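Please look over the sequence and the model shown below before reading on. The briefing that follows takes up one pair of side chains and then widens to the rest of the chain.

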Amino acid sequence: MSVYINMEASVDFNNNEIATLDALLQEYINLSAAWESDAVTPKPAKDVRPFKLRYSFEERKALAQKHKASCGQEMVLVICEKSDSSQLPMLRKPRFKVPTTVTVGNFMRIIRQNLTLRDEESLFFFVRNTIPSSIRTIGELSHEFAEEDGFLYIQYQEESVYGN
C-alpha cells in the first residue's frame, strides 16, 4: 500500500507498519482529546481569537510545563490554527500532543481529516512563515521553531502564498 504525501512523492508501507502508524495516530488523537478538555482559564465557547491572544504568556507557559511533565520529551505540544488569510474552517480543537517521530506529512493527513477536505483541495502548513518539508518530523520542527512558551505553532491555509 502507498501513502501519498502532497501528491508528489509516495512512501511504501507494509501492513505491520500501517497498523503501527494507525495505532500511534489514534493514541495521539486520544491524548489530544483528553488534553483539550483541560483548559487553563475557562473561556467563552465562541472565542475565535488565536491561542496567543486567548491566553497570556504565563498561562501558555504553565500549560506547556504541566503537559510536558505528564507526557515527557517524546511528545511535542502543537497549536495548529488557520492563517489570517485562509478561507478554510477553524479546527474545533487546535491543540495537539504529537509524537516527535510523526512526520509533517502524517500530521497534515490528520489535519485534513479534521477539516474534512476533499482530495483535490490543497493544504499548506506554515511555521514562522516557512513551509516545512513533509518528510521532516514534528520533533525536528519543534527543536528549530518551538517558541519560548513551549508550544510549536503551525498555521494552515489552502494555498501557498509563496507560489503562483
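The side chains of D149 and R60 meet in a salt bridge, with N and O 2.7 Å apart, where a salt bridge is a side-chain nitrogen of Lys or Arg within 4 Å of a carboxyl oxygen of Asp or Glu. The pair links distant parts of the chain, since D149 sits in the loop between helix 5 (138-145) and strand 6 (152-157), while R60 belongs to helix 3, 89 residues apart. Both D149 and R60 are buried, a word that stands for under 20% relative accessible area, with exposed for over 50% and partly exposed for what lies in between (1.4 Å probe, protein chains only).

This is a predicted model, in which local features need pLDDT of at least 70 and side-chain atom pairs count only at pLDDT 80 or more, whereas totals for chains, interfaces and linings use all residues. Residues are numbered from 1 along each chain as its sequence is written, and side-chain values use heavy atoms, with hydrogens and water left out.

**The chain as a whole**

- The protein chain has 5 helices and 6 strands, and from the N terminus on its elements follow the order β-β-α-α-α-β-β-α-β-α-β; helices (H or I, at least four residues) and strands (E, at least two) are DSSP runs, numbered from the N terminus.
- Of the 164 residues of the protein chain, 41% count as buried.
- Among the contacts in the protein chain with a separation of 6 or more, 66% are between residues 24 or more positions apart, a contact being heavy atoms within 4.5 Å.
- The accessible surface of the protein chain comes to about 9,700 Å², and carbon and sulfur atoms hold 52% of that surface; accessible areas come from the Shrake-Rupley method with a 1.4 Å probe, and for residues only the protein chains shown count as cover.

**Other salt bridges**

- By the rule given above, the count comes to 6 salt bridges.
- E140 forms a salt bridge with R136, the closest N and O atoms being 3.6 Å apart; E140 is partly exposed, with a relative accessible area of 37%, and R136 also counts as partly exposed, at 24% relative accessibility.
- Salt bridges that share partners join R118, E120 and E121 into one network.

**Helix 3**

- Helix 3 (residues 57-71) has 15 residues and reaches 21 Å from its first C-alpha to its last, close to the 21 Å expected at 1.5 Å a residue; the expected span is 1.5 Å times one less than the number of residues in the helix.
- In helix 3, R60, L63, A64, H67 and C71 are buried. They lie on the same side of helix 3 because they cover an arc of only 100° around the axis, the arc being that of the directions from the helix axis to the C-beta atoms.
- E58 and A69, on the other side of helix 3, are exposed.
- Just after helix 3, G72 takes a positive phi of about 80°.

**Helix 5**

- The buried residues of helix 5 are I138, G139, L141, S142 and F145. They cover an arc of only 160° around the axis, which puts them on the same side of helix 5.
- These buried residues of helix 5 pack against strand 3, strand 4, helix 4 (104-115) and strand 6.

**Loops**

- R92 is found in the loop between strand 3 (75-82) and strand 4 (95-99), and R92 is exposed, with a relative accessible area of 72%.
- R92 and L115 are 23 residues apart in sequence and 8.9 Å apart in space, C-alpha to C-alpha.
- R128 lies in the loop between strand 5 (124-126) and helix 5, where its phi is near 50°, a positive value in a residue other than glycine; R128 is partly exposed, with a relative accessible area of 47%.
- N129 is found in the loop between strand 5 and helix 5, has a positive phi near 65° though it is a residue other than glycine, and is exposed, with a relative accessible area of 61%.

**Cysteines**

- The structure holds 0 disulfides, a disulfide being a pair of cysteine sulfur atoms within 2.5 Å.
- C71 counts as buried at 8% relative accessibility, and C80 counts as buried at 0%.
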